[in-house]
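Let me put the model up, and then I'll walk you through the parts I liked.

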Amino acid sequence: MEKTFSRQTYGQRIQNHSNPAAKMLLEIMERKKTNLAVSVDVTRSKDFIAIIDTVGPFVCLVKTHIDIIEDFDFSLIKQLQDLSDKHDFAIFEDRKFADIGNTVALQYSSGVHKIASWSHITNAHPVPGPSIISGLSSVGLPLGRGLLLLAEMSTKGALAVGTYTEEAVRMARAHRDFVVGFIAQRTMKGVGMQDNVTDNDDFLILTPGVGLDTKGDAMGQQYRTPRQVIVDSECDVIIVGRGIYGKDPSLVDEIRAQAKRYMDAGWEAYQERISAPVV
Ligand code: S5P
């Protein structure tokens with residue numbers, strides 16, 4: 001019988017992983033009882049830090065787009081790391097690498113942002129093939145980092161479907177030391193496997209495109225609810241951006257209330273999933 005990882009608790013799943021970043025994330029989720037990641041897509045350092053300090057108690061992970069910060073200075077990274085220690089969350093730079101191995105290794109290790117030096121988890125498009133994983137792992141693996149592959153996307157008309165998604169999962173299965181899971185819209189259990197072969201890979205599924213109040217934006221984004229994502233699609237982490245800080249990045253009480261609301265919705269859905277009777 002196939003193992004049903006989606007029925008195990010986050011805590012039980014720690015033992016399914018050898019990668020330190022995957023273990024760290026699952027440990028935090030179990031300890032803090034949250035499967036919420038907040039995507040902090042703001043352009044000023046001041047707003048960035050204020051939002052993270054506000055949502056910190058409610059999240060397992062903070063997702064960054066560090067290249068959109070207009071007044072970036074490397075001291076911002078120290079502040080981010082201090083908040084990660086203070087609130088106990090992991091850091092995920094959503095860099096979406098997509099180049100040849102040699103180039104992504106340089107982009108990951110060097111430049112202004114030196115992502116590998118501080119981001120526990122990062123992600124990559126599988127479009128260049130397995131060499132993107134070798135390039136990134138040459139930098140990230142010795143540092144204990146983890147990688148997510150973008151197997152699917154949340155946007156209307158996304159091309160990451162069908163055999164592309166299946167090949168992404170096969171690439172991940174061949175690099176289990178570094179690839180800890182996927183950015184995807186559903187569980188990848190059994191995807192790309194031959195019939196009658198047991199799928200023993202417990203991948204983490206982190207899912208953006210989550211909103212309780214709207215169905216999308218004017219630029220192709222599509223939102224589903226935490227319940228649809230965690231229960232119906234068996235994903236593990238909900239990634240929420242504008243649903244939490246969107247009204248006004250300076251409204252601290254509103255941001256805190258929204259973070260709590262999404263955390264509660266995500267955890268309730270997870271509890272429903274792990275306690276559902278096996279059919
Ligand atoms: O398919 C995807 C993959 C990602 S990583 N769709 C996404 O929206 N994302 C990211 O999730 C996107 O770059 C943004 O940072 C976040 C969603 O933000 P929101 O404001 O729409 O919740």
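So, start with S154: its side chain makes a polar contact with the side chain of Q221, at 2.5 Å. By polar contact I mean a pair of N or O atoms within 3.5 Å; within protein, one must be able to donate a hydrogen and the other to accept it, and residues adjacent in sequence count only if both atoms are side-chain atoms. Before I go on, this is a predicted model, where local features need pLDDT of at least 70, side-chain atom pairs count only at pLDDT 80 or more, and totals for chains, interfaces and linings use all residues. Residues are numbered from 1 along each chain as its sequence is written, and side-chain values use heavy atoms, with hydrogens and water left out.

Where do these two sit? S154 is in the loop between strand 5 (146–150) and helix 7 (162–173), while Q221 is in the loop between strand 7 (204–207) and helix 8 (226–232). Helices (H or I, at least four residues) and strands (E, at least two) are DSSP runs, numbered from the N terminus.

Are they buried or exposed? S154 is buried, at a relative accessible area of 11%, and Q221 is buried too, at 16%. The cut-offs are under 20% relative accessible area for buried, over 50% for exposed, and partly exposed in between, with a 1.4 Å probe and protein chains only.

What else do they touch? Leaving out neighbours within four places in sequence, S154 is in contact with Q185, P208, G209, G220, Q221 and Q222; contact means heavy atoms within 4.5 Å.

Now the record. An unreviewed UniProt entry puts "binding site" at D41, K63, S154, Q221, G241 and R242. The lining of the largest pocket includes D41, K63, S154, Q221, G241 and R242. Those positions use the numbering used here, feature names are shortened, and annotations may be inferred rather than shown by experiment. A pocket, on a 1 Å grid over the protein atoms alone, is an open set of points where a 1.4 Å probe fits, with protein on both sides within 12 Å along at least five of seven lines; lining residues have an atom within 4 Å of a point.

Next, helix 3, residues 45–55: eight of its eleven residues are buried, including F48, I49, I51 and I52. The buried residues pack against strand 1 (36–40), strand 2 (61–64), helix 4 (75–87), helix 9 (242–245) and helix 10 (252–275).

K33, in the loop between helix 2 (20–32) and strand 1, has a positive phi near 55° without being a glycine. E234, in the loop between helix 8 and strand 8 (237–240), is also a non-glycine with a positive phi, about 55°. K33 counts as partly exposed at 45% relative accessibility, and E234 does at 27%.
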